[in-house]
Amino acid sequence: MSSPAKNKDKRATSPWISIKNDLIAYAFMAPYLFLFVVFLLLPAIVGVYASFTKWGIIGQPKWVGLKNYNKLINSDIFIESLQNTLYFVVLAAIPLIVLGLLLALLVNQKLRGRNIARAIVFLPHVVSVAAVGIIFQWILERSSGLLNYYLGLLGVNPPINWLGDPDSAMPAIAITTIWWTVNGNMIIYLAGLQDIPEDLYEAAKIDGAGRWQELRYVTIPMLMPVNAFVIPLTVIACWRVFGQVFVMTRGGPQGSTFTVAQFIYETAFVNFNMGLASAAGVILMLITLSFTVIQLRAMKVI
Amino acid sequence: MAKHALLKIVVLALAALLLLPGAALAQDTTAVTLMHGWTGADNTEMLNTVFARFNEENEDGLVIEPTALGWDDLFTQLRLTAAAGNPPDVVMFHNTEVTGYAREGILLPVDDLMAAVDIDLTGVPQNIIELSKIDGEFYCLPGDLHPMNLYYNVDLVEAAGLDPDSPPTTGEEFMAWAEALTITDDDGMVTQYGLDQPLGGSLGRWFFHTLLYQFGGSWLGEDGLAAVDSEEAHEALQYMVDLQNSGISSMGSGVGDISAFQNERAGMVLVGPWMVNSYIREGKNLGTAVMPTFGNVPATWTNTHCLALTRQDSDENYLNSMKVIKWFLENYAEPGIKVGIVPVLPVALADPFWTDHEFAQYYAPFVDSLSISVMEPAIEKYTSVFAFGGQSPILRNIEAAQAGDKSVEEALADMKAGIDEILLDE
């Protein structure tokens, strides 16, 4: 006669039970996997294939080998779009991460009205990109915009032509992006902060740590897994910047805000050169992948 | 038992109610699908009311089924639906975009169908008729023109001591107005500009086009390549730059921005008729006039919306589609006034909806300018060469010259190189 514990072990290790559990798990994942394969994986594979072809959206793609990649490497406009996008990544990604963390620390304080503060900070996130672009066109307007009005009170004169000057247009897009999306990072950091066990802070206090030391030796190390998620995602999102540029400047003035995503869009849907656009898409994917791997390695996550 | 019978009757009655209208629709009506790019809540809704009027009035049982898409989406969808063998029956876009789609075999030549429904283009300017043809065959029918002309703020003009009933017609008169309208404060800061000339953008390109043709130039040479390195092109771009540097022009805030005129910080602006409604709605005391002649000959930029038929697997709906087009062209007055475009068919221009409308006075100069209107060349690669995006060598170089980052010579040489690269790309 076997004991109940033995029966339980048998059930747990039974191959049928294991298969059944696997099937249930796959069944739960199936809806997402179906959508992922149909709308992401397959198009990505087709995109890689298309990058080696000449294809005008209708008719059969014609194999051209590496011609599209060769063309891109020698295209001043594509190289310029890469440089512009890298500039945007530098301008936007660092503040998005740092400010996201600072805002999270702020709204994590046990202060009166913090839930309202969280809601207010998160509000811009639900605004559509078109609305954000138009609102900031008004705010950044040279003669009657809100920003120049306040800068004028501080003595900044003549007013800055934010969206009309090639030197200030990309910073203006970056400011817009930070206002619009920093709260996404804030929410993730806030979740990370709330996962840090309180007893670590108590132990640090007993050891005589001040607020700064708590931040440096408890909070930031404990947020490393969150950073491993937030930093690559932010950098990838910055490399893919499109909507706010399209609404606010359409890549101008003089191409100073022309980004890789807009290059891909115009090449695909204005010039109908799907092969070249796909090749640019593959290059963008490789760049973001490289950045992600480098970051994760530096953070010793992989 | 009786309960079950009653339930059956109710179910059958409901089924009949659901199915009968569909069956009736299927028997009595024929759908004509129409794809257009007049998006924006007002335009789409207005067009739908016009189409609804057609659906009510026509006696052939035809029903227009419209689809509104942004222009870029429309171009993509037109290609995709054509590739899938299911394009819309009718497409409404710009005349300059027709050549590319006709060459790809997406559009149908319509001469025979025009004759079958008796479409009369008498009185339509000959240059517009010619632009509707490819190799001598009609591929689209022009509905309207929307030329660029002069708007001025009557209140500001009167305050400057100018006569709003005698708007400028020459470059000299224009400069005199612009200088009178420009106001500077005690610190030397301009508080009101004479002209709201945007930095580049579509309006910048269209003004350059206007000046190019006024000085006798053109976009393309006889070799089919860009001719923007000509003396005439130099004069045109230099004129724009000089206007910029003369201190009378606002250069906007951002690419293509003309908010200075809207905010009453500039007395004049050069733009198409589609702004009439919004300026009037804002309560502006508005004046409009034909584009002044800055160069040697009168000319102004324009484009046209036109309607074309797509090739279908079956020709059974071609005639119906052409009936829809005919009705729409003849009833263009309402969309004309409400969208801010000028119908080209005399019958539409004579429609009381157009002639008696309270806004007719503002559109009169736009009608008068039809004879001097010049379109950009309707080449196969039009949408690439004359694109509005960041890749455009035209926009980039106009903006660079206006901002003083390139000399006029450099800007035009780079513009030509950029256009030629697109034209020569296989």
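How many residue pairs are in polar contact between chain B and chain A? I counted 12, both residues at pLDDT 80 or more. A polar contact here is a pair of N or O atoms within 3.5 Å; within protein, one must be able to donate a hydrogen and the other to accept it, and residues adjacent in sequence count only if both atoms are side-chain atoms.

**Ground rules.** I am working on a predicted model, where local features need pLDDT of at least 70, side-chain atom pairs count only at pLDDT 80 or more, and totals for chains, interfaces and linings use all residues. Residues are numbered from 1 along each chain as its sequence is written, chains are lettered from A and ligands numbered from 1 in the order written, and side-chain values use heavy atoms, without hydrogens and water.

**Chain B against chain A.** I looked up contacts (heavy atoms within 4.5 Å). On chain B, 35 residues touch 37 residues of chain A. Next I took the buried area, meaning the accessible area (1.4 Å probe) that two parts lose on being put together, summed over both. The two chains bury about 2,600 Å², 48% of it on carbon and sulfur atoms. B:Asp72, B:Gln391 and B:Arg396 lose the most area in chain B, together 24% of what that side buries.

I then searched for salt bridges (a side-chain nitrogen of Lys or Arg within 4 Å of a carboxyl oxygen of Asp or Glu). The rule finds four across this interface. I noted A:Glu141 with B:Arg265, whose closest N and O atoms are 3.6 Å apart.

Helices came next (DSSP runs of H or I, at least four residues, numbered from the N terminus). α3 (71–83), α18 (382–385) and α19 (393–402) of chain B each supply at least two residues of the side facing chain A. α3(B) gives the most, with six residues.

**Inside chain B.** I took the domain bounds from an automatic or database domain assignment. Domain 1 is 17–146 + 304–371, and domain 2 is 149–301 + 387–424. Their C-alpha centres lie 31 Å apart. Domain 1 puts 15 residues into the contact and domain 2 puts in 16.

The two domains bury about 1,300 Å² between them, 66% of it on carbon and sulfur atoms. I found that B:His146, B:Tyr362 and B:Phe366 supply 47% of the area domain 1 buries there, more than any other three residues. Zero salt bridges turned up between the domains. I did count five residue pairs in polar contact, both at pLDDT 80 or more. α14 (333–340) and α17 (360–368) each supply at least two residues of the domain 1 side. The largest share, six residues, comes from α17(B).
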